[in-house]
Amino acid sequence: ARRNRTHAMFAASAVIGRQAAKTLGQRAFRATPRAFGGADEPAYIHAKHMYDVGATKNRKLVFGVATAAVVLIGGYIPIYAIQFQQSKAKA
């Protein structure tokens, strides 16, 4: 009796496995083709020289202003947070 049960369980698992394989075949993952970026294409087609830092006009001025902006914003955020917390604590 035990041998028949084992055989029946094995046969049932085989049927379930075949059904799962059929389902997987029908529900296969399909991705759309890549929109850009082949072997001879740039990563971003619309701006080939977008990251050419050496060709930036007024490079010292642009990066100086950007650096100053980042430093000033990064320094002001904690000050604002402290003032905001203290104003809430007073109320």
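Predicted model: local features only at pLDDT ≥ 70, side-chain atom pairs only at ≥ 80, totals over all residues.
**View 1. F84 sits in helix 2, which spans residues 59–90.** The side chain is partly exposed, with a relative accessible area of 41%.

**View 2. Ring pairs link Y76, Y80 and F84 into a cluster.** The count of aromatic pairs comes to 2. Y76 and Y80 form a tilted pair, 6.2 Å centre to centre with 35° between the planes. These two tyrosines are 4 residues apart in helix 2, so about one helical turn separates them. Y76 is partly exposed at 47% relative accessible area, and Y80 is partly exposed too, at 45%. The rings of Y80 and F84 have their centres 6.2 Å apart and their planes at 25°, so this pair is stacked. Y80 and F84 are likewise 4 residues apart in helix 2, about one helical turn.

**View 3. N58 lies in the loop between helix 1 (2–26) and helix 2.** Take a look at the backbone here: phi of N58 is near 50°, a positive value in a residue other than glycine. N58 is exposed, with a relative accessible area of 57%.

View 4. Of its 91 residues, 1% are buried. The protein exposes about 9,000 Å², and carbon and sulfur atoms supply 63% of that area.

Terms used
Residues numbered from 1 in each chain as written. Heavy atoms only, no water. Buried < 20%, exposed > 50% of the residue type's maximum accessible area, 1.4 Å probe, protein only. Areas by Shrake-Rupley, 256 points an atom, 1.4 Å probe, with all protein chains shown as cover. Phe/Tyr/Trp six-rings, centres within 6.5 Å; stacked < 30°, edge-to-face > 60°.
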